[in-house]
Amino acid sequence: MVLSSLDKMIHLQKNTANIRNICVLAHVDHGKTTLTDCLLSSNGVISSRLAGKLRYMDSREDEQVRGITMKSSAISLHYAKDNEEYLINLIDSPGHVDFSSEVSTAVRICDGCIIVVDAVEGVCPQTQAVLRQAWLENIRPVLVINKIDRLIVELKFTPQEAYSHLKNILEQINALTGTLFTSKVLEERAERETESQVNPNSDPGEQVYDWSTGLEDTDDSHLYFSPDQGNVVFTSAIDGWGFGVEHFAKIYSQKIGIKKEVLLKTLWGDYYINMKAKKIMKVDQAKGKKPLFVQLILENIWSLYDAVLKKDREKIDKIVTSLGLKIGAREARHSDPKVQINAICSQWLPISHAVLAMVCQKLPSPLDMTAERVERLMCTGSQTFDSLLPETQALKAAFMKCGSEDTAPVIIFVSKMFAVDAKALPQNKPRPLTQEEIAQRRERARQRHAEKLAATQGQACTEPPRDGSALDTSPKGEETKGDEHQVESMALKSLPQEGNNQESFIAFARVFSGVARRGKKIFVLGPKYSPVEFLRRVPLGFSAPLDDLPLVPHMACCTLENLYLLMGRELEGLEEVPPGNVLGIGGLQDFVLKSATLCSVPSCPPFIPLSFEATPIVRVAVEPKHPSEMPQLVKGMKLLNQADPCVQILIQETGEHVLVTAGEVHLQRCLDDLKERFAKIQISVSEPIIPFRETITKPPKVDMVNEEIGKQQKVAVIHQTKEDQSKIPEGIQVDSDGLITITTPNKLATLSVRAMPLPEEVTQILEENSDLIRSMEQLTSSLNEGRHTQMIHQKTREKICEFKGKLEQYLTGRKWRNTVDQIWSFGPRKCGPNVLVNKSEDFQNSVWTGPAIKASKEASRYRDLGNSIVSGFQLATLSGPMCEEPLMGVCFVLEKWYLSKFEEQGASDKHNEEQRDVVQDSQGEEEACSGGGENPGLQDGGSEPLEKKTSQKGESSLTDCYGPFSGQLIATMKEACRYALQVKPQRLMAAMYTCDIMATGDVLGRVYAVLSKREGRVLQEEMKEGTDMFIIKAVLPVAESFGFADEIRKRTSGLASPQLVFSHWEVIPSDPFWVPTTEEEYLHFGEKADSENQARKYMNAVRKRKGLYVEEKIVEHAEKQRTLSKNK
Ligand SMILES: Nc1nc2c(ncn2[C@@H]2O[C@H](COP(=O)(O)OP(=O)(O)OP(=O)(O)O)[C@@H](O)[C@H]2O)c(=O)[nH]1
Ligand SMILES: [Mg+2]
């Protein structure tokens, strides 16, 4: 096949039914990029000899050096089959966990995916992750089992063993699909049930499947991978071959004379052939019959490998002639068997044909988009499709039709922005000259030459040439100079004005409906845009030019400047892109940060945000080597933020610029990009900043030497606790149970607060539901502001009930009685894993119901000051007393809250507004104030207790020398919470990675050694069936993980490579404040006992980094001096 020309691609883009948008997904190193290479070579993009070696899609230098892909990139291919021509937009994705966000960006704009599995390694953690992502996005997968050659060459399997092994892999991956399917079916069924309760008349015709009847009746056969279904192919990308059973069914049906359909069903599976009777029967193992797959397929491949590896010329020739192939003399004589195998197999079983035919047959075109997927894309958060505006719902038809007529709305999704060198853009490249232009130039040059010649001849009489060469160089020199001028001016014109070697951002996008044309004006919708809001502001629709629209939040208007066909490392300029295609869009960098929805009609909702699997957790602070280069760094970081889907850029309160990345490899890539592309300056990078959480636990039952704390020790411990408590300043009362009672400086209010550890399950529930808590919070605050735009949907309400139910389930017993009903707030940031419970009798308030509507004056007084209490709690949970890290799993109970009479008087004439009857607690300080401003009722009382009012007027009786009262309350509440924590056993929590390591038996010991050195804990060890590989699952503190992957790789000579994924927070059992108190402890740990205390080490490191006071004993008298041996 020749290099498909641009015109051909443009032509193919218009035939939507024959477009396939697919991505290649797999665990790291399973051969995605190599497979892509093979597919590219079929289009002549690269030569077939280089396929598998070049890794064309790995265009970055570090990708080539490290041998892993770091970004997803797209290329368009042409494929012809049975008189049909297809356009395949192929996206190669990275498999390394650190870059899983790149997978999300690819999956969103595809309709199908190729899941690649290494035949030796089988199903790996990332295989599971990508399969789940494909499910979540509702795209259809096909399976490629790659590296079959390793079964022959490395594992030296017989064909029969290989068959069982492959069967095993298929079973594993189908089991995975099964679990995903059942969980999804069950979820959907539950959803449908609730929906049918809400809306009994919903149209059943809309449903793709009738889930309501449950699992038994749902047809799931099409979901599973099976070679006879045609959705599995077996390949060796490195050797350039691959096949599906269909290929052999066709051949053998002619050869043996059995119907192709029968063969298709029986080539895979336990069937054997009775050659004499030409009958296919079930395999009876006892008789030693081989399955068809072994006999007719694998044995042939095995014997070819055998012949080539043994250099059996005769046999090779026989095979080649029997297959009717022609092998070039160079390959046939080549000493490397790989070259020979490649030459023979790539002709016999061309991999690109096997894979692309499967893609075209089994994966859907953009026209086959399911209603389910469209609805999922359009419904953000807790919305359901029926709750959208009718205009918005109408867009569903446009999605499904994928029409290219002028009336069709243009809908484009940008899934990421990627940076390219501006010089690489097609409009900036010197374009090859056409024949006419070359002729013109030649003509011009000849004229100039003649003129010059005439002039010099005229001059020659008066002025002889200085040297002989002048004559023949001058015209040529002139001409090149002239050309240079031209090129320069051309380049100047076409390059963006900011100057040379600029990074230019291209949006990685897909047209879902309508035709994207250059110069078209289009809306850019941010993730928070709401069509409802648009209609509120522009009620009469819009007929005016787009530029004249009033300002609508999260919406901008821009022009599609440049459209590109993505061709791997190259871009080709396009005038228009029909629907259903993947494309690049230039000129959006000022409008789109990372992803966005572009639409020509304002009723379009933004697409749901991409779901990222990895949590960014590794943070470093960066600064320029030369302080004067700060502006470049800031600019560079902004560009980096735009170019990477998952990196986060923060400026901390300390002024540090912080980079948050998904892992070590990602961090390295970000730093390289920052140094070499975006900032182009020298930077210095801090040690990784490890996040911790602070919490409290129940008092321990055993001491540090694992002995039960007896009476004597108890006394010692109590003594120690007393000592701790003595740190608490005077004027604060602490009872034996840890209840802190504290009064504001102006003595007007007294608070009693207690801290209790939450059960682990509750903390987990809170973490899982943080989105729900956030939307509860948004809802209440929008109600508070008097906006009733956000209706609580039935589903959300149910979710809230379920959430509450779960909390109640775990918060049982006398200690927690009624606690759930009394939850007042969550923190930090109002959605974190800590709770504030209000048990004060004077004032009841909870997140579930809002304040108790007791219209008494007293209640309203408490309610107004409630915000300060909540703010104090938010501040306390944001940074704990140990090392100013956020808290986790702590419940603060406000037992009493007493306001003195004086204050009561001040507030007594306050009105009780209806508006303020809604939940007040969740309002932030500022909101509370602005709410007050809107409210005329609040302004007439001179003794308004709200902070801002008093401070504005400066005359209130409540402004005393300690500052505004509500401010005092915030500070006091914060203090109370901190002291309440300090009287309990405090602990640090460490972020933990889960880590999957695959290693062979002989390096297992070394892997364990590295793990235990780094405080890792092995959870499980399994032998991979049929191989000598072990799979180890372990957890490892993030704090100990730096260099872990490298160390493992080095210690095992590259045989094991771990994948680290953030999993959870874990309490570090040791007490950071612990000092030995008993005899045994002294004996065991020595007097200083600081070497063993991991928690203290971490705590002090954080405190040092933050510039906090560190209580450290400097070694005064070393216990033992080590003598260096002399012969060293
Ligand atoms: N033996 C054998 N090796 C293969 C085959 N396909 C790929 N490889 C090798 O596997 C290694 C990884 O291949 P890549 O194509 O870079 O893998 P990838 O899935 O793109 O890796 P990431 O993008 O980093 O996730 C390379 O060394 C390839 O040469 C195959 O069919 N057989
Ligand atoms: Mg790759």
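This is a predicted model: local features need pLDDT of at least 70, side-chain atom pairs count only at pLDDT 80 or more; totals for chains, interfaces and linings use all residues.

1. Helix α20, which spans residues 630–643, packs against helix α21, residues 664–678, at an angle of about 120°, and their axes lie 10 Å apart. Because angles from 65 to 115 degrees count as roughly perpendicular and those over 145 as roughly antiparallel, α20 and α21 are therefore described as oblique to each other. The crossing of α20 past α21 is right-handed.

2. On the α20 side, the contact between the two helices is made by L633, G636, M637, L639, L640 and A643, while α21 contributes C670, D673, L674 and F678.

3. Four strands make up an open sheet, in the order β21-β22-β20-β23 and with antiparallel pairing. Since β21 (648–651) and β23 (683–685) stand at the edges and have a single partner strand each, one side of each is left without a neighbour in the sheet. On average, and with direction ignored, neighbouring strands of this sheet are turned by 30° against each other.

4. Within that sheet, strand β20 (residues 618–624) pairs with β23 in the antiparallel sense over three bridges, and E623 stands opposite S684 in β23.

5. How do the two helices relate to the sheet? Helix α20 lies across β20, β21, β22 (657–661) and β23, and runs at about 25° to β22. Helix α21 also packs on the sheet, where it touches β20, β22 and β23, and its direction makes about 135° with that of β22.

6. Elsewhere in the chain, strand β27 (residues 749–757) is mostly covered, with eight of its nine residues buried. Strand β26 (residues 740–743) runs antiparallel to β27 and is joined to it by four bridges, with I740 standing opposite V753 in β27. These two strands, β26 and β27, form a hairpin with five residues between them, and K747 in the turn has a positive phi of about 65°.

7. Which other strand is joined to β27 by bridges? Strand β32 (residues 890–899) runs antiparallel to β27, and nine bridges join the two; in this pairing, L751 stands opposite W897 in β32.

Conventions
Residues are numbered from 1 along each chain as its sequence is written. Chains are lettered from A and ligands numbered from 1 in the order in which they are written. Side-chain values use heavy atoms; hydrogens and water are left out. Axes are lines fitted to C-alpha atoms, for helices over the stretch in contact, and angles run from 0 to 180 degrees between N-to-C directions. Angles under 35 degrees count as roughly parallel, over 145 as roughly antiparallel, 65 to 115 as roughly perpendicular and the rest as oblique. A crossing is left-handed if the near helix is turned anticlockwise from the far one by less than a right angle, and right-handed if clockwise. Contact means heavy atoms within 4.5 Å. Two strands pair if DSSP finds at least two bridges between them. Buried means under 20% relative accessible area, exposed over 50%, partly exposed in between (1.4 Å probe, protein chains only).
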